[in-house]
Amino acid sequence: GARAPAIPVPEIAAPAGERPSTQEAFGRIMNDLGKGESELGQRIVTASPDVTVSTNLGGWVNQRRLFHRIRQADAFRMENVPSVQKWTKVPEGQHIELGIAENNLFLLMAAAGISEQLFGARLLPVGTLYDPFISRGLDALNYACYQDARFMVVATPSGVSLAPEGGAHQSVLTPLIGMGQDGLSAFEPAFADELAAIMAWGFAHMQAADGGSVYLRLSTRGIEQPERAMTPGLGDAIVAGGYWLEEPAPGAELAIVYSGAVAPEGADAHAQIAEDIPGVGVLAVTSADRLHGGWMAAGEARARGAAAAPSHVERLLAPLAPGATLITVLDGHPAALSWLGSVARHRVLPLGVGRFGQAGDIPDLYRAYRIDADAIVDAAAEASLRRLAVSLPAAAERDITGAIGCDHYGNGNRSRWG
C-alpha cells in the first residue's frame with residue numbers, strides 16, 4: 001500500500017559546552033526536541049529498561065511525560081519525595097518505562113518500528129540502555145532488524161570509559177555486534193557536533209525506503225570539543241563513517257585511527273609523534289560499520305564488472321604511502337578497526353580492549369589496557385623501527401627486530417625512538 005508521508009527532520013544543533021560527553025549531548029538534544037513543537041518531536045516514542053535517567057532521557061521525559069492508559073499522578077510528589085523528575089503518567093505520554101528488561105525493550109522497538117506497516121502512521125522509536133546489556137536482547141534485536149523495523153537504539157555508557165562502575169558494566173564486543181548486524185547502522189561519535197549530524201541523518205534513515213535502524217554507542221566521558229563549523233562536506237563525511245581530523249601529508253608513512261571516546265589520546269599522541277615524524281595524519285572513525293559496508297559494496301560491484309567509484313574509506317586512505325602503518329585505537333574490541341589494513345594493504349598495529357575490565361579511573365584503565373597516548377606513541381616507535389629494519393642489512397635487521405620485541409613486551413628499556 002501507499003506509504004505514510006515522511007516526517008520532516010529539522011536541523012539538529014550541537015549542544016554548546018566545552019567538555020560534554022556524547023551521552024550528555026544526546027540528552028540535551030532530546031530535551032530540546034521535547035521542548036519544541038516539531039512534528040518530529042510529536043512522533044518520537046522513547047523507552048528504557050530502568051535506566052531512563054542514567055542514560056540522560058530525564059529531560060525528555062519531563063517534557064513529554066510517561067505513557068499510561070489511565071492518568072496517574074506523580075507518586076513521588078504525592079509522597080513529598082524530592083525529585084527533579086516528573087513521573088506523571090498520561091495517555092498522551094511519549095515515554096514507556098520497562099523495568100530491567102532489555103529483551104522487552106527490543107521487542108517494543110520492533111513493534112513500534114513497524115507502526116507504519118501495521119497502522120499507516122509513523123512512529124520513531126528511540127530506546128536507551130547500557131551498552132553491555134545489548135547482549136541480553138540480541139535475539140529480539142536480530143528479528144526486529146529482520147522484519148525491517150525502524151528504530152534508534154542509544155547504548156550508553158560504553159567501554160571501560162565508565163571506569164568507576166567496574167567490569168560488570170563495561171562493554172568490549174559491542175562494536176562488532178554493530179558491524180555484524182544487518183539492517184542496523186552503527187555509529188560511535190566522539191564529539192557533540194558529530195552526534196547531532198548522525199541523529200539528524202538517523203531520523204531520516206529510519207524513514208527511507210532503503211533505510212534501516214540506527215545504533216549509537218555513546219560515552220559518559222566528557223572531552224574537549226573542536227572549534228569548527230559543521231559544513232555540508234564534514235557532515236557527509238561523518239555520516240559516511242569518518243574524516244581526517246588531522247590531514248596526512250601526501251605519501252605519509254603513519255596515521256593514527258581512532259573511534260569514540262579515545263579522541264583525546266589520539267590527539268595527544270599525534271602532538272608527540274609529529275615532532276619526530278612530520279605529516280602524520282589522524283583519522284576520526286565515526287562508523288566502522290558504514291566504512292566497512294561501503295568498502296564491501298564497492299568491491300562487490302567491481303567483482304560484477306561494474307565501474308564502481310572508490311568507497312569512502314578507499315578515498316580516505318588514498319593519500320598514505322603504500323605500506324604505511326595504521327595505529328588503530330578504540331575503547332572496544334580492536335577487531336572493529338584492524339580490518340582497515342586490508343583496504344589498501346597497509347600495516348596495522350591495533351590497540352583496543354579484549355578482556356573484561358576492572359574498576360579504576362580512566363587514566364589508570366586506559367594505561368592498563370594500552371589505549372592511552374603512551375601506547376599509541378609506543379606503537380609509532382615500533383612502526384618506525386620496522387620501517388628502518390626493512391632498509392638495513394640482515395644483521396642490523398635482526399638487531400632491530402629484537403629491539404622491537406623487547407620494547408613491545410616490556411622486557412627491557414622502553415625506548416620509543418631508538
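Author: Start at Asn56, in the loop between strand 1 and helix 3. Helices are DSSP runs of H or I with at least four residues, strands are runs of E with at least two, and both are numbered from the N terminus. This is a predicted model, where local features need pLDDT of at least 70 and side-chain atom pairs count only at pLDDT 80 or more, while totals for chains, interfaces and linings use all residues. Residues are numbered from 1 along each chain as its sequence is written, and side-chain values use heavy atoms, with hydrogens and water left out.

Asn56 has a phi near 70°, a positive value in a residue other than glycine. With a relative accessibility of 26%, Asn56 is partly exposed. The cut-offs are these: buried is under 20% relative accessible area, exposed is over 50%, and partly exposed is in between, using a 1.4 Å probe and protein chains only. Asp50 lies in that loop too, between strand 1 and helix 3 (58-64). Asp50 is not a glycine either, yet its phi is positive, about 75°. At 45%, Asp50 is also partly exposed.

Now step back to strand 1. Strand 1 (44-48) is among the elements that cover the buried residues of helix 5. Others include helix 6 (115-119), strand 5 (124-129), helix 7 and strand 6. The buried residues of helix 5 (residues 102-112) are Glu102, Leu105, Phe106, Met109, Ala110 and Ala112.

Ala140 sits in helix 7 (residues 138-146). Ala140 is buried, at 8% relative accessible area. Leaving out residues up to four places away in sequence, Ala140 touches Asn103, Phe106 and Leu107. Touching, or contact, means heavy atoms within 4.5 Å.

Strand 6 comes next. Strands count as paired if DSSP finds at least two bridges between them. Thr128 has Val154 of strand 6 as its bridge partner. Which side of strand 6 is covered? Both faces are: Met152 and Val154 are buried on one side, Val153 and Ala155 on the other.

Thr156 and Pro157 are joined by a cis peptide bond, with omega about -5°. Pro157 lies in the loop between strand 6 and helix 8. Ser161 is in that loop as well, between strand 6 (152-155) and helix 8 (174-180).

Is Ser161 buried or exposed? Ser161 is buried, because its relative accessible area is 4%. Two polar contacts involve its side chain. One is with the side chain of Asp331, at 2.6 Å. Another, of 2.5 Å, is with the side chain of Tyr366. A polar contact is a pair of N or O atoms within 3.5 Å; within protein, one must be able to donate a hydrogen and the other to accept it, and residues adjacent in sequence count only if both atoms are side-chain atoms. Not counting residues up to four places away in sequence, what Ser161 touches includes Ser219, Thr220, Arg221, Ala261 and Ile362.

Beyond four places in sequence, Met199 touches Ile12, Phe26, Ile29, Met30, Met152 and Leu216. Met199 is one of the residues with the most contacts inside the largest nonpolar core, along with Phe203, Leu216 and Ile273. This core has 68 residues. Helix 16 (residues 373-390) gives the most to it, with 7 residues. A nonpolar core is a set of buried Ala, Val, Leu, Ile, Met, Phe, Trp, Tyr and Cys residues joined through side-chain atoms within 4.5 Å. In soluble globular proteins, nonpolar side chains tend to be buried together.

Inside, strand 10 (residues 252-259) and strand 12 (residues 320-330) run parallel, joined by 7 bridges. Val257 stands opposite Thr328 in strand 12.

Apart from neighbours within four places in sequence, its contacts are Gly242, Tyr243, Trp244, Leu283 and Leu291. Leu316 is buried, at 8%. Leu291 is among the buried residues of helix 12.
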